[in-house]
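Please read it with the model open.

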Amino acid sequence: DINQNSKALPLVNQLIHLVISDAYLYLSPTNNDLLSPIDYVCSYIKNHYMEDIELDDLSSIAHLNKNYLVRQFKNSFGISPIAYLIKIRMEYAKKLLTESNMPIKTIATHCGYKDPSFFNFYFKKTFNISPASYRKAQQTDSQYDTIEI
């Protein structure tokens, strides 16, 4: 039963999200024509953050020069496309650390990091706390949330 397996539910939700996102992105070309290349890259990152994405890939899907893409993306979002990718990955990591009991190594993989040490580095750099410490703090906070007086 999927509701009894805490590891299965986030994976099924992620799979459903990917299927719907891909259907929207790839089966609705008229909608994609309305997106600017920068908005399309942003949407692509949000829907494919768990994959191995490089700046060359993003410039290719946007049909833009890498340098131009970075300048335009920074003008629109204030950060580079790769910094935006890391931001999206880190927000998802926080969610998985809070809502699941998956090992941190598995969470790193689900967030697009093949090497857990890179995941730990970026998490700590982003939030000034290690993933393990963040999870422990969230579990401690949730224990206090459920106490009834």
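The points below go from the overall fold to single residues.

1. **Basis.** This is a predicted model, in which local features need pLDDT of at least 70, side-chain atom pairs count only at pLDDT 80 or more, and totals for chains, interfaces and linings use all residues. Residues are numbered from 1 along each chain as its sequence is written, and side-chain values use heavy atoms, with hydrogens and water left out.

2. **Overall fold.** The protein chain has 9 helices and 0 strands. Helices (H or I, at least four residues) and strands (E, at least two) are DSSP runs, numbered from the N terminus. Along the sequence the pattern reads α-α-α-α-α-α-α-α-α. The chain has 149 residues, and 34% of them count as buried. Buried means under 20% relative accessible area, exposed means over 50%, and partly exposed is in between (1.4 Å probe, protein chains only). Take the contacts in the chain with a separation of 6 or more: residues 24 or more positions apart account for 56% of them. Contact means heavy atoms within 4.5 Å.

3. **The buried side of H4.** Which residues of helix H4 are buried? In this helix, residues 55-62, they are Leu-58, Ser-59 and Ala-62. They cover an arc of only 95 degrees around the axis, so they sit on the same side of H4. The arc is taken from the directions from the helix axis to the C-beta atoms. As a general point, an α-helix has 3.6 residues a turn, so residues three or four places apart point the same way. The buried residues of H4 pack against helix H3 (37-48), helix H5 (66-77) and helix H6 (81-99).

4. **Ser-59.** This residue lies in helix H4. Ser-59 is buried, with a relative accessible area of 9%. Leaving aside neighbours within four places in sequence, Ser-59 is in contact with Leu-64, Asn-65, Lys-66 and Leu-69.

5. **From H4 to H5.** His-63 follows H4 and lies in the loop between H4 and H5. Phi of His-63 is near 60 degrees, a positive value in a residue other than glycine. His-63 is exposed, at 71% relative accessible area. The axes of H4 and H5 come within 9 Å and cross at roughly 85 degrees. Axes are lines fitted to C-alpha atoms, for helices over the stretch in contact, and angles run from 0 to 180 degrees between N-to-C directions. H4 and H5 are therefore roughly perpendicular to each other. The angle classes are these: under 35 degrees is roughly parallel, over 145 roughly antiparallel, 65 to 115 roughly perpendicular, and the rest oblique. Leu-55, Asp-56, Leu-58 and Ser-59 in H4 meet Lys-66, Leu-69 and Val-70 in H5.

6. **Aromatic pairs.** Rings of Phe, Tyr and Trp (its six-membered ring) pair if their centres lie within 6.5 Å; planes under 30 degrees apart count as stacked, over 60 as edge-to-face and the rest as tilted. By this rule there are 10 aromatic pairs. One is Phe-73 with Tyr-84: the centres are 5.5 Å apart and the planes at 65 degrees, so the pair is edge-to-face. Phe-73 lies in helix H5 and Tyr-84 in helix H6, so the pair ties together parts that are 11 residues apart in sequence. Phe-73 is buried at 0% relative accessibility. Tyr-84 is buried too, at 7%.

7. **The ring cluster.** Ring pairs link Tyr-113, Phe-119, Phe-121, Tyr-122, Phe-123, Phe-127 and Tyr-134 into a cluster. The charged end of Arg-89 sits over the ring of Tyr-113, 4.9 Å from its centre. The rule for this asks for NZ of Lys or CZ of Arg within 6 Å of the ring centre and within 35 degrees of the ring normal.

8. **H6 against H8.** The axes of H6 and H8 come within 10 Å and cross at roughly 95 degrees. That makes H6 roughly perpendicular to H8. On the H6 side, the contact is made by Ile-86, Met-90, Glu-91, Ala-93, Lys-94 and Leu-97. On the H8 side, Phe-119, Tyr-122, Phe-123, Thr-126 and Phe-127 make it.

9. Phe-127 is in helix H8 (residues 116-127). Phe-127 is partly exposed, at 21% relative accessible area. Not counting residues up to four places away in sequence, Phe-127 touches Met-90, Glu-91 and Lys-94. Phe-127 and Met-90 are 37 residues apart in sequence and 8.8 Å apart in space, C-alpha to C-alpha. Asn-128 is in the loop between H8 and helix H9 (131-145). Phi of Asn-128 is near 60 degrees, a positive value in a residue other than glycine. Asn-128 counts as exposed, at 68% relative accessibility.
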